[in-house]
Amino acid sequence: IRRRRNVLRAPVFLHPQCLDFKPPFKPQDDLQFCAMYRNFGCCDSAKDKELMAKFYKIMDNFDYYGYASCAGYVQDLLCQECSPYAAHLFDAEDPNTPIRTLPGLCPDYCSQFWLKCRSTITLLSDDPQLAEAEPDQDRFCQHLELEDPDYCYPHLLSNEQLTQNLGRVRADPEGCLQLCLEEIANGLRNPLSMVYANDGTHRFFIAEQVGLVWTYLPDRSKLEKPFLNITKAVLTSPWEGDERGFLGMTFHPNYKYNRKLYVYYSVEIGFDERIRISEFRVSPSDMNVVDHGSERIILEVDEPASNHNGGMVMFADDGYLYIFTGDGGMAGDPFGKYGNSQNKSALLGKVLRIDVDDNDRGPLYRIPSDNPFVHERGARPEVYAYGVRNMWRCSVDRGDPLTKEGKGRIFCGDVGQNKFEEIDIIEKGRNYGWRAKEGFSCYDKKLCTNSSLDDVLPIYAYPHKMGKSVTGGYVYRGCEYPNLNGMYIFGDFMSGRMMSLQENKNTGQWDYHEICMGMGLTCAFPGLINNYYQYIISFAEDEAGELYFMSTGVPSATSPTGVVYKLVDPSRRAPPRQCHYDPLPVRVKSKLIKFKPKEKAAAVTTTLPPTTTTTTTKPPRHTRRKNRRKKGKHRLESESASAAVPQNGVVRLAGDEQGRDDRGRVEIFANGEWGTVCDDLWNTKNAAVVCRQLGFRFALKASKHSEFGEGKSLRILLDDVQCEGTEESLLGCQHTGVGMHNCAHYEDAGVICGNSDYVDA
C-alpha cells in the first residue's frame, strides 16, 4: 500500500485493475447506465444492464423526493464496479481477500452521502458490519476509508497521476515500456522454435535444439511422447553457444489436409557438416506424432564452419517455403572474392524461396516462376534475396486486424559482426549489404563504396553496447492486447534486452522503445510475473496471434533451464468474450503432463527498518543462484562513504550531484579494493540487494549507462551480475568473477533506493 509522506510525491506505478483481477478495457458496445466509463473501464454492456436493474430495484423503495435526493449517489456507488480502479476502490487487489460491498469513499463525500441518503445503505449492501456502523456517521465513514487515500472516490477522478495516460501502455520516465509475462512452459533444453499447425486445435509445438519437438495442448499440458525425435541425426553439442542443432520448423499451410511439416537442422555426413531441410508427415494413426519414416530431404547445403547456420524456415503469404541460411561461418564472410553472401551462385548468406506443393511425384521442390534471379546467368534460381549474414528469427506480419495494413511483410533480425545488430524487412531480389555493410556502417570499405551494391538499409540497427546477438521477433496482431497492435517486438540473445519498433505513419521511420518488466504493482495480477531468463532464443505466435518468447538461463543444448513466456500488457485488455475461441478436440493417445509454473514475480521490497548509513559491513552469504534474468530499467544509486574496516561485499553509493544518500553509482569493496559494477544484466533484483545492504526498504530504480558518472579512478570489479534479490551481497550473486569484465566505465551501474514506493517529485 502506498502512503503519503510530508513531501510532494507521486506514485511510481499506476495499477488499474478490475474486480476479476484483470486490466480494464474499452467496451465493445456503448454503456447506457454507467456512461462515465463508456470509453475505458471494467464493465461491458451486460454488466451495465445488470447494474441498471439493481439501481431501479433500490430506487423503487423511495418516493419522488427520495429519488431526487439519492438517485445520483446510488448510481455513483453502483457504477464504481465499472471504474478502471475498481479493484482498489473495493480493496480487492488480492484475490484471496474478501471484496468490499461498497467502494472506498473520500471522507467529505461519505459525510454528504450519509447525511442525505443513509437510508440506502442497507439496500446497497448486505454487509452486517456496515449495517452495524450505519447509525454513526464517523464510524460508518471510517469503515469506508481506504488505506491508500489516493484511490478514494470521487477524488481519484481528479487525480492527474491516476488519470493521465490511463489505458495506454505504461512507460517509465525514460520511455521504457512496462509489460508483464505469463509462464507457459518450462524445463526445456534451449527451446528455439514454437509453432502451431493452423488446424483449429490451438496446439503448439516446441522444439529443443537437441532434436526433440513436444506437443502442448491449449490448457498447457504437455504430451509425454515427443511429437518428433531426430536426436540421433541432429548434430549439436553441450557447449554453451553452439549454433548447430535442430534450428527451425514450420507446418505446411495446407497441413490440415496433407499432414506435412518442414524442419531445418544440422547434420554431419562423413567429415562434412551440412544444413538439411527435410519434409515429414504426421502419422495417420496419431495426430500428435510424426511418422519418422516419412522423411524426405528437400535440400542440403555444405557448411564450411560450425557457426552462422541460419535456421529459419517458414511459409509466407504467397504459399512458398522460405529458407534463411547463414553466410557459412567464421568471421567476416571470408569465402571467395566477395564472400558467400554477395555471391548469388552460393546458397549461403541468402533468403531462399521454393515451391514444395504437389511434390509427391516428380521433383521435391520447384522454383517459383517469379523468383528474381531465375534468368540471371550463374545465379541459383532458389535465391530470393541476398547479402544477409546470419538471420536469426524471421516472421510474417499478419496485418492490422481491421485494415490488413502491413499484411505479408517479412521481418528478420540479422546478427552482426563486431559493431551492429539489425532488423530488416525482406523484399524480393534485394541486397541486404553484408559483407559490404554491417547495419548502417561500412564493414568492407572496398565493397561498401562499390556503386553497384544497391543495398537495402535496415529499418533499425543498434550498437553492441546494447546487445551482441539480435533475436528477431513479431509484429503483434493478436486480439487480447489492443495497445500492442502494430508493435514489432524483438530481443537480444546476449544482453537479454527486450525491444520494440513502431512504424511512424507520418515520417515512415520506425520509433524505438525498450521494453522493461513492470515493477511495483504493475504486474500484480494473478498468474503474472515480471522477470525472465537472460538468453532470449526465439519469439513465437500462437494460432490466435498472441505473442511469446523463449529464453534460458544456460545457453546449452543440454541445460533444462528454458522457459516459454507469453507477453502481457497490464494496462489494457480486450473486452470480455471478444477473443474467445473454441479449439477443435484433440485425440490424445499419450499420457498428459500437467503444467506446473515455477517462476515467481520479482520482489524488490524488504521489511528491514530504515537507516541513515550508506555503506554496509555485513559479510556476504555465498550462494549459487539460478541464472534468472529480469529486464527492467529502474535504477538506484548512493553517495560515497567508506567503512573503517571494509569487508568483502561492502557497498557504497557515489556520484549524485545533489549529495543525496539514497542514490548514486554502486561501488563495491572486494579483494582489498573499491571498484565499480558494470551494468550488463543490471536490474532491479541486483539493485534490491544493494539497497537492502544500505538499509533501505525499496529498490526504486536500477540505473545504467553511468547515470551517476563514471568511476574512472576505480577498477571495474563485477560484470554480468545476476541476483535473485535475496542475497546479502552482490558477491553472493552470479557474476563473471571479481575483476573479470568485458565493459567500460560508461556502463557503470547505479541505484535509487527508498523507504517508500514513492519517488521524490
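Strand β9 covers residues 260–269, and eight of its ten residues are buried, so the strand is largely enclosed by the rest of the structure. Buried means under 20% relative accessible area, exposed means over 50%, and partly exposed is in between, with a 1.4 Å probe and protein chains only.

Before going on, the source. This is a predicted model, in which local features need pLDDT of at least 70 and side-chain atom pairs count only at pLDDT 80 or more, while totals for chains, interfaces and linings use all residues. Residues are numbered from 1 along each chain as its sequence is written, and side-chain values use heavy atoms, with hydrogens and water left out.

Back to β9. Which strands does β9 pair with? Two strands pair if DSSP finds at least two bridges between them. Strand β8, residues 246–251, pairs with β9 in the antiparallel sense over five bridges. In that pairing, methionine 249 is opposite valine 263 of β9. Strand β10, residues 272–282, also runs antiparallel to β9, and ten bridges join the two. There, lysine 260 has arginine 281 in β10 as its bridge partner. β9 and β10 make a hairpin with two residues between the strands, and glycine 270 in that hairpin has a positive phi near 65 degrees.

Next, strand β5, residues 212–216. Here five of the five residues are buried, so this strand too is largely enclosed by the rest of the structure. In a regular strand the side chains alternate between the two faces of the sheet. In β5, Leu212, Trp214 and Tyr216 point one way, Val213 and Thr215 point the other way, and all are buried.

β5 has its own partners. Strand β4, residues 204–208, pairs with β5 in the antiparallel sense over four bridges, and phenylalanine 204 has tyrosine 216 as its bridge partner. The two strands form a hairpin with three residues between them, and glycine 211 in the turn has a positive phi of about 110 degrees. Strand β7, residues 228–229, pairs with β5 over two bridges, again antiparallel. Leucine 212 is opposite asparagine 229 of β7.

Now some backbone exceptions. Most residues other than glycine have a negative phi, and most peptide bonds are trans. Which residues other than glycine have a positive phi here? Asparagine 165 is one of them, with phi near 60 degrees. Asparagine 165 sits in the loop between α8 and β2, and counts as partly exposed at 45% relative accessibility. Arginine 220 is another, with phi near 75 degrees. Arginine 220 lies in the loop between β5 and β6, and is partly exposed at 21%.

For cis bonds, look at tyrosine 153 and proline 154, where the peptide bond has omega near 5 degrees. Proline 154 is in the loop between α7 and α8. Tryptophan 434 and arginine 435 are also joined by a cis peptide bond, with omega about 10 degrees. Arginine 435 is in the loop between β18 and β19.

Is glutamate 134 buried or exposed? Glutamate 134 is buried, with a relative accessible area of 16%, and its place is the loop between α6 and α7. Leaving aside neighbours within four places in sequence, glutamate 134 is in contact (heavy atoms within 4.5 Å) with Trp114, Arg118, Ile121 and Phe140. Aspartate 680, in the loop between β33 and α11, is partly exposed at 21% relative accessibility. Not counting residues up to four places away in sequence, aspartate 680 touches several residues, among them Asp719, Asn742 and Glu747. From aspartate 680 to lysine 704 is 24 residues in sequence and 8.4 Å in space, C-alpha to C-alpha.

Last, the whole chain. The secondary structure comes to eleven helices and 37 strands. Of the 761 residues, 59% count as buried. Among contacts between residues at least 6 apart in sequence, 65% join residues at least 24 apart. The C-alpha atoms fill a box of roughly 95 × 70 × 55 Å along the principal axes. The radius of gyration is taken over C-alpha atoms, and the globule rule is 2.2 Å times the number of residues to the power 0.38. A compact globule with 761 residues would have a radius of gyration near 27 Å, and the protein chain has 29 Å, which agrees.
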